[in-house]
Amino acid sequence: MGSNPTLGVKEEVMKLKICSRYKEKNDPVSEFCKRCGSALELKTALDVEEERRNYDYFIRDFLVVLANRDPKIKKVFKKLTKARKMEYLFSGRK
Ligand SMILES: [Zn+2]
């Protein structure tokens with residue numbers, strides 16, 4: 001790649017985003033690494049993290065509602081969460 005002078009100039013001008021994990025070069029407009037999927041900027045990483053957290057809360061709330069509607073489901077969920085040491089899921093937010 002270094003032997004191509006045109007590409008060298010392009011890299012300089014457009015500022016390719018280098019992934020910190022494998023040093024993969026990504027397009028300047030990319031938000032995520034094409035090789036490993038990592039966020040290429042801190043803001044993107046934080047946005048993704050917040051999105052995941054909201055999603056987790058949503059799923060947890062949904063499961064709690066479901067469990068409280070049906071004792072049989074609640075029993076199954078309690079068993080599953082106990083096996084994974086995740087009892088806190090049904091004993092209030094952590
Ligand atoms: Zn990467």
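Biologist: How are helix 2 and helix 3 oriented to each other?
Modeller: Helix 2 and helix 3 are oblique to each other, the word for angles that are not under 35 degrees (roughly parallel), over 145 (roughly antiparallel) or 65 to 115 (roughly perpendicular). Before we go on, this is a predicted model: local features need pLDDT of at least 70, side-chain atom pairs count only at pLDDT 80 or more, and totals for chains, interfaces and linings use all residues. Residues are numbered from 1 along each chain as its sequence is written.

Biologist: Thanks! At what angle do the axes of helix 2 and helix 3 cross?
Modeller: At roughly 130 degrees, and the axes come within 5 Å. Axes here are lines fitted to C-alpha atoms, for helices over the stretch in contact, with angles from 0 to 180 degrees between N-to-C directions.

Biologist: Which residues of helix 2 and helix 3 meet?
Modeller: From helix 2 there are Leu63, Leu66, Ala67 and Asn68, and they meet Ile73, Lys74 and Phe77 of helix 3. By class, that contact has five nonpolar residues, one polar and one charged. Nonpolar covers Ala, Val, Leu, Ile, Met, Phe, Trp, Tyr, Cys and Pro, charged covers Asp, Glu, Lys and Arg, and the others, Gly among them, are polar. Being in contact takes C-beta atoms, placed from the backbone, within 7 Å.

Biologist: Is helix 3 covered or in the open?
Modeller: Helix 3 lies largely in the open, because the number buried among its 13 residues is zero. Buried takes 20 or more other C-beta atoms within 10 Å of a residue's own, exposed 12 or fewer, and partly exposed is in between, with C-beta atoms placed from the backbone.

Biologist: What span should helix 2 have?
Modeller: Its 28 residues should span 40 Å at 1.5 Å a residue, and the end C-alpha atoms are 41 Å apart, which agrees. The expected span is 1.5 Å times one less than the number of residues.

Biologist: Zooming out, what pattern does the protein follow along the sequence?
Modeller: The pattern is α-β-β-α-α, from three helices and two strands. Those are DSSP runs numbered from the N terminus: helices are H or I with at least four residues, strands E with at least two. Of the protein's 94 residues, 2% count as buried.

Biologist: Where is confidence lowest?
Modeller: In helix 1 (residues 5-14), with a mean pLDDT of 56, while strand 2 (residues 25-26) is highest at 96. The protein averages 85, and 83% of the residues score at least 70. pLDDT is the predictor's confidence in each residue, from 0 to 100.

Biologist: New topic: what phi does Lys23 have?
Modeller: A positive one of about 60 degrees, although Lys23 is not a glycine. Most residues other than glycine have a negative phi. Lys23 sits in the loop between strand 1 (17-18) and strand 2, and Lys23 is exposed, with 8 other C-beta atoms within 10 Å. Just after helix 3, Lys85 takes a positive phi too, about 55 degrees.

Biologist: And what is Glu24 in contact with?
Modeller: Leaving aside neighbours within four places in sequence, Glu24 contacts Cys19, Cys33, Lys34 and Arg35. The C-alpha atoms of Glu24 and Lys34 are separated by 8.0 Å. Glu24 counts as partly exposed, with 17 C-beta neighbours inside 10 Å.

Definitions and conventions
Contact = placed C-beta atoms within 7 Å.
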